[in-house]
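Here is a short briefing on one helix and on the aromatic contacts of this protein. Look at the structure first, then read on.

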Amino acid sequence: CGICCSLQDTSFDTLTVWVGPASKLSLNLPCIAEFSQIQQFNRAVEIYTLKWLLCPVALIMRSMFDRPTILDAAFLRRVAAHDFPAPRSEGANEAAAAHLLVDLFDTQIMNRHLDLWARRSKGKTFYSIGSSGHEGTAAMAAATRATDMAFLHYRDGAFLIQRKKQAGGLTPLYDMALSFAASADDPISGGRHKVLGCAHTFVPPQTSTIASHLPKAVGAAHSLGLARRLQLDDAVLPHGSVILCSFGDASANHSTSQGAFNAACWAAYQHLPMPIVFLCEDNGIGISVRTPGGWIEANFAHRPALKYIACDGADLNDALRGCHEAVAYARARRRPVFLHMQTVRLMGHAGADVELSYAPIAQIEAAEAQDPLLHSARILHEQAGMSGAEIVARYEDMRARVDRVALDALAKPRLVTAQEV
């Protein structure tokens with residue numbers, strides 16, 4: 001830790017170093033400036049630190065911080081034992097087709113393994129704000145057309161994967177791996193940043209600048225009405241398109257967001273076309289600050305000219321129901337919709353975020369117990385007849401697939417010089 005470098009002029013007689021919650025090392029310092037004493041000090045610290053790191057208490061504490069590994073292992077253990085969480089949605093939803101559920105689950109686990117890979121390969125990958133817990137957004141991709149322009153929240157990896165899969169002829173896994181690895185071959189950013197976007201599927205590149213994309217989405221929705229009124233046959237987007245704009249519950253408080261919501265409602269109140277779906281992905285927290293319970297619904301359920309719909313992003317059936325309802329309303333009525341999707345934030349805000357520094361372990365474990373992949377596994381078991389062993393095998397096959405593609409992505413060149421950037 002470099003302590004000894006600053007001790008040559010010290011007037012202290014004894015140095016006490018805490019190397020664990022219940023262990024300390026005290027050394028006399030009459031000759032600390034002598035190199036041999038510094039070596040002795042460093043070696044003592046190394047020995048005590050090693051003992052601390054290997055003790056059972058330390059191993060337990062270290063494991064508390066490794067939430068990705070815990071989350072991964074819990075999925076395998078619980079699914080194999082058919083230990084599924086109870087449904088969260090009230091009432092019976094129409095069951096989606098089995099083939100669609102399996103397809104969406106494949107998207108969800110691809111997204112999860114990309115996140116796990118990014119967390120475990122720091123120094124090789126450079127961005128770890130993941131989409132884990134928000135995998136329900138794959139349902140929105142299934143509910144929209146490829147020509148419905150989407151301005152995405154930075155946790156919408158599952159949406160982008162699903163939309164690219166549906167478009168056909170694209171490589172969503174490889175493209176995402178290139179982006180995580182900051183490769184110059186990344187088709188959307190060229191290695192400059194981890195960006196969600198795809199020109200072929202009308203997803204403008206969007207990074208994590210909070211709420212900056214909402215005004216652009218409102219402008220795009222307004223342009224659809226103008227293009228139809230002006231009878232522009234060469235418009236880029238079909239006249240019957242809708243615009244999707246997704247964001248987090250904390251972002252909804254941003255002044256930029258509020259301006260976009262107000263502009264959309266103001267236009268719709270005057271019967272101007274505004275075919276946009278605002279998808280609020282509510283995981284209940286903004287970085288380290290909790291969103292007050294019920295705040296999003298209280299704030300948006302009764303706004304003039306804004307249709308409010310709620311759904312559970314952890315339940316594929318309910319997520320599909322809510323997304324289809326929201327998109328159908330915006331497409332038919334040409335009016336704005338606020339779709340409030342309950343999600344879960346897993347593995348903290350980002351890779352460098354130590355969630356235990358501001359959230360109790362019980363709260364973190366409660367969120368992990370509601371992992372959307374566990375709910376999806378339950379639905380596959382109940383509606384598609386898949387056993388726990390079959391679901392686990394599918395999950396592990398996807399892990400191997402992601403690892404193979406990731407190795408190839410890591411071998412690709414990166415931008416090196418300022419001129420290249």
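Which residue lies over the face of phenylalanine 180? Lysine 194 does, at 4.9 Å from the ring centre. Keep in mind that the model is predicted.

**Aromatic pairs**
- A search of the whole structure turns up ten aromatic pairs.
- Tryptophan 117 and phenylalanine 180 are edge-to-face, because their planes stand at 85 degrees with ring centres 6.1 Å apart.
- This pair ties together parts 63 residues apart in sequence, because tryptophan 117 lies in helix H4 (residues 98-120) and phenylalanine 180 in helix H7 (residues 172-180).
- Tryptophan 117 counts as buried at 10% relative accessibility, and phenylalanine 180 counts as buried at 2%.
- Phenylalanine 261 and phenylalanine 300 also pair edge-to-face, with 4.9 Å centre to centre and 80 degrees between the planes.
- Phenylalanine 261 sits in helix H9 and phenylalanine 300 in helix H10 (residues 295-300), so their pair links parts 39 residues apart in sequence.
- Both phenylalanine 261 and phenylalanine 300 are buried.

**Aromatic cluster**
- One aromatic cluster is formed by Phe247, Phe261, Phe278, Phe300, Tyr308 and Phe338.

**Helix H8**
- H8 (residues 214-229) has 16 residues.
- From first C-alpha to last, H8 reaches 23 Å, close to the expected 22 Å.
- Its buried residues include Leu214, Val218, Leu224 and Ala227.
- The cover over the buried residues of H8 includes strands S3 (150-151), S6 (243-248) and S7 (276-282), along with helix H9 (255-269).
- Glutamine 231 follows H8 and has a positive phi, near 55 degrees.

Conventions: Residues are numbered from 1 along each chain as its sequence is written. This is a predicted model: local features need pLDDT of at least 70, side-chain atom pairs count only at pLDDT 80 or more; totals for chains, interfaces and linings use all residues. Side-chain values use heavy atoms; hydrogens and water are left out. Helices (H or I, at least four residues) and strands (E, at least two) are DSSP runs, numbered from the N terminus. The expected span of a helix is 1.5 Å times one less than its number of residues. Buried means under 20% relative accessible area, exposed over 50%, partly exposed in between (1.4 Å probe, protein chains only). Contact means heavy atoms within 4.5 Å. Rings of Phe, Tyr and Trp (its six-membered ring) pair if their centres lie within 6.5 Å; planes under 30 degrees apart count as stacked, over 60 as edge-to-face and the rest as tilted. A charge sits over a ring if NZ of Lys or CZ of Arg is within 6 Å of the ring centre and within 35 degrees of the ring normal.
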